[in-house]
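Please keep the sequence and the model in view while reading.

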Amino acid sequence: MRVNTLDLIKAYYDAFNRRDREAMLALMSDDVVHDLNQGLRETGHEAFRLFLARMDRCYEETLRDVTVMASGDGQRAAAEYVVHGAYLSTDEGLPEAKGQRYVLPGGAFFEVRDGRIARVTNYYNLSDWISQVSAGA
């Protein structure tokens with residue numbers, strides 16, 4: 001099971017980097033729970049699809065140095081990565097976007113159920129990101 005979980009999470013990030021949003025959604029349970037960094041909890045494919053649309057409108061990101069770990073039973077996983085991005089369009093409540101570039105470490109925790117991602121919880125340092133995009137303005 002562990003190898004399958006590692007492959008599942010790696011496939012999720014491969015799809016992210018290809019900007020293949022439908023492939024990402026196909027790896028998730030229909031009732032996927034998404035905990036946004038310092039934000040709300042959203043549930044379901046439609047909520048995640050809307051989140052991805054906002055991300056694609058406001059940001060262009062590639063994840064590098066992705067490292068994935070999984071529990072022995074394959075029900076939990078974690079990933080650490082470095083985001084290389086550009087801030088393209090102002091996101092609500094955040095500084096004005098002017099194409100600023102940023103590099104930011106991040107991570108995520110996953111629950112896996114029946115071979116699909118049932119929860120993803122993302123973490124990054126929002127203060128660091130704000131500092132980077134504010135300096136690049």
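With which residue does D20 form a salt bridge? The partner of D20 is R18, and the closest N and O atoms of the two are 3.5 Å apart. The model is a predicted one, in which local features need pLDDT of at least 70 and side-chain atom pairs count only at pLDDT 80 or more, while totals for chains, interfaces and linings use all residues. Residues are numbered from 1 along each chain as its sequence is written, and side-chain values use heavy atoms, with hydrogens and water left out.

**Salt bridges**

- A salt bridge is a side-chain nitrogen of Lys or Arg within 4 Å of a carboxyl oxygen of Asp or Glu, and a search of the whole structure finds nine of them.
- E46 and R49 form a salt bridge with an N to O distance of 3.4 Å.
- About one helical turn separates E46 from R49, because they are three residues apart in helix α3.
- Both are classed as partly exposed, E46 at 47% relative accessibility and R49 at 31%.
- R76 and E111 form a salt bridge, their closest N and O atoms being 3.5 Å apart.
- This pair links distant parts of the chain, as R76 belongs to strand β4 and E111 to strand β5, 35 residues apart.
- R76 is partly exposed at 44% relative accessibility, and E111 is partly exposed at 29%.

- Helices (H or I, at least four residues) and strands (E, at least two) are DSSP runs, numbered from the N terminus.
- Six strands make up an open sheet with mixed pairing, in the order β2-β1-β6-β5-β4-β3; two strands pair if DSSP finds at least two bridges between them.
- The edge strands, each pairing on one side only, are β2 (41-43) and β3.
- From one strand to the next, the twist averages 20 degrees; axes are lines fitted to C-alpha atoms, for helices over the stretch in contact, and angles run from 0 to 180 degrees between N-to-C directions.
- Strand β1 (residues 28-35) pairs with β2 in the antiparallel sense over three bridges, and D35 stands opposite R41 in β2.
- Helix α3 (residues 45-58) packs on the sheet and touches β1, β2, β3, β4 and β6, where contact means heavy atoms within 4.5 Å.
- The direction of α3 makes about 55 degrees with that of β1.
- Helix α4 also packs on the sheet, touching β3, β4, β5 and β6, and its direction makes about 155 degrees with that of β5.

**Helix α4**

- The buried residues of helix α4 (residues 126-135) are L126, W129 and V133.
- These residues lie on the same side of α4, because they cover an arc of only 60 degrees around the axis, the arc being that of the directions from the helix axis to the C-beta atoms.
- The cover over the buried residues of α4 includes β3 (59-70), β4 (76-87), β5 (100-113) and β6 (116-124).
- On the face turned away from the buried side, α4 carries the exposed residues S127 and A135.

How values were computed: Buried means under 20% relative accessible area, exposed over 50%, partly exposed in between (1.4 Å probe, protein chains only).
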